[in-house]
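Work each one through before you read its solution.

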Amino acid sequence: MYEIRIHGRGGQGAVLASAILAQAFVDDGQFAVAIPSFGFERRGAPVSACLRVDRREIRALTNIYHPDCVICIDPSLPRMVDIFAGIKPGGTLIQASARRPEAIAHPADLATLGLCDAVAIALAIFGRPITNAVMLGAFARATGLVSLDALSGALGKAEFRDADLAQNQIALRRGHAETAVIALTPEFAS
Amino acid sequence: MNTMSRAVVCDGNEAAAWAVKLARPDVVAVYPITPQSSLVENLAQFIATGELDAELMTVEGEHSVLSALQGACLAGARTYTATSGPGLAFMFEPYVRTPGLRLPMVASLVNRDMLSPQCVWGGQQDVMTVRDAGWIQIFCESAQEVLDTVIMAYRIAEHRSVMLPVNVNHDGNYLSYGVSRVEIPDQQRVDAFLGAKNVNWHAALDPARPMAVDPLTGGADAAGAARFVAYRQSLCRGMHNALEVITDVHAAWADAFGRDYAPLVEEYRLDDAEIALVTIGSMSGAAKDAADAARITGSRVGVIRVKTFRPFPVAALARAAAKVQALGVVDRAVSYGWNCGPVFQEVLSALYPSGRRIPVLSFIGGLAGADLTEAHFARVIERTHQALAAPAAPFLVPPVWINASEEGTPG
């Protein structure tokens, strides 16, 4: 069982990203269950979604309290939300940010950091900071847990309200290509 | 026409919409409400693209939804709607008339907790509030089971010995929005499974068969009183017959599509169990995980999942309970006045004829969108073991409120 929590803001597509990622894992032959956070999410308000992946069928329809991986698709969110709540030792952070790795605060026992300037990429492609597809590419690059082909196929099955499929495919590929993957060493620990 | 089964990755609401598409209703009437909205949006999309050839009525509220469908059903249409919490409340007047009219409708309840306090999240207070209204109530655990059960519901409702409306319940939030892999069965095989509909052979709005539908019945004179009683008895017979029909339809589904669900009461790891959790709906997966985990440490625990709640499967529940020495019943709703969970209450009633007095504890959790986790069920298991070990435990003790503050945060 591998558990992922995606953090974003309403309008960036965090919940849709969890469904696309679930589709990609299923297309890669795994079992996946995605559970979004619930409420009246407004544009800009913090939202999250949970995703479980396993080699066998997943029965629990519950939130995730101890993720292996946190994907944060908004650069300003870590200042207002404890995105690391419950993260397992040796976990992975995939963070949208223009900052240098040394400037990313994280738990001392975090093992892997994937860093992508997703807002700049999204602004170049969509003209708006819709970072979800970019960050799915970043996740694939940093973890290798899902194939880019499966993600690309899953994008093709999704319905986008704010952008078209071709743009999202470009966003996915640029996210994959432009993510720095840092194996954390003690000097990176905050 | 789609002739191959295929898989999609979707949430419980979309799974229900796929099932409705495959069941080919003639008339769908809807009014959107959280957390049902995406279900009817998906359905409207199927109708808009022509994938489902049905009349879509977008009316001004849930009272009109069910009133419109009553007319459609009496005119011979297969019908569908879905609602949640306050929408069900606004539907109440036509809702209670539907079983008495013996209209074999299928409606999804995307379960939502009831007001007040104001809330928009999942909980089963809506359906438990109408448990004695005369609708068949079936509860699903997974998105796949939602899809399969909505289709089965038409065959159950339209069976000549039943002729009662069916609510297929799926929990708001965790199941309505939870995304997983779902197999979409082949249309031709669903057509063959459901067969030709005949929903108004008994009561019809049909110029070729003029009749008075729902005339004034009852009153103080003996003949009127007896006629009213006969209608009530007939409804009870339909409920009774439904137990066997639900069982048969689930067996036929397993034969046709290879997915085998316990129709009334699911028994999970019960044969050597000392205690059992009793669950209903989407909480059951976490409960099974908790039972598996507890068994590793030597706890002999199983799970009894109530799938059919109306008609209440008294014999099946008693049979399952006879295998264990104590029960921990987890409800996602409250029976005010009894101040316990409704499933708990009904489990007690089902055990009485057997004469066995075993410890049965009421746990209430998952209200208003609260999570019911494996850690919560681990505590339910622990407390139920404690009740079994306690000498001369009192029979009726106050419920344990799982998400109350003294229970701490889920781990």
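**Exercise 1.** Leaving aside neighbours within four places in sequence, find the residues with which A:Met135 is in contact.

*Solution.* Keep in mind that this is a predicted model. Start from A:Met135 and skip its neighbours within four places in sequence; the contacts are then A:Ala17, A:Ile71, A:Ile73, A:Ile94, A:Ala96, A:Cys116, A:Ala118 and A:Gly175. Next, look at the largest nonpolar core, which has 186 residues. A:Met135 is one of the residues that touch the most other members, along with A:Ala22, B:Val150, B:Ile156, B:Ala276 and B:Leu277. Helix α1 of chain A (residues 14-27) gives the largest share of this core, eleven residues.

**Exercise 2.** Work out which residues of helix α11 in chain B are buried, and what covers them.

*Solution.* Go along residues 314-321: the buried ones are B:Ala316, B:Leu317, B:Ala320 and B:Ala321. Now look down the axis of α11(B): these buried residues fall within an arc of 130°, so they line one face of the helix. Their cover includes β9 (265-268), β11 (301-306), β13 (326-331) and α12 (342-351) of chain B.

**Exercise 3.** Describe the side of chain B that touches chain A.

*Solution.* First, count: chain B brings 23 residues to the contact and chain A brings 18. Second, find the elements of chain B that give two or more residues: β8 (179-184) and α10 (284-296). Of these, α10(B) gives the most, with four residues. Third, sort chain B's side by type: ten residues are nonpolar, eight polar and five charged.

Conventions. Residues numbered from 1 in each chain as written. Chains lettered and ligands numbered in written order. Predicted model: local features only at pLDDT ≥ 70, side-chain atom pairs only at ≥ 80, totals over all residues. Buried ≥ 20, exposed ≤ 12 C-beta atoms within 10 Å, placed from the backbone. Arc of directions from axis to C-beta. Contact = placed C-beta atoms within 7 Å. Nonpolar A, V, L, I, M, F, W, Y, C, P; charged D, E, K, R; others polar. Core = buried A, V, L, I, M, F, W, Y, C linked by C-beta atoms within 7 Å.
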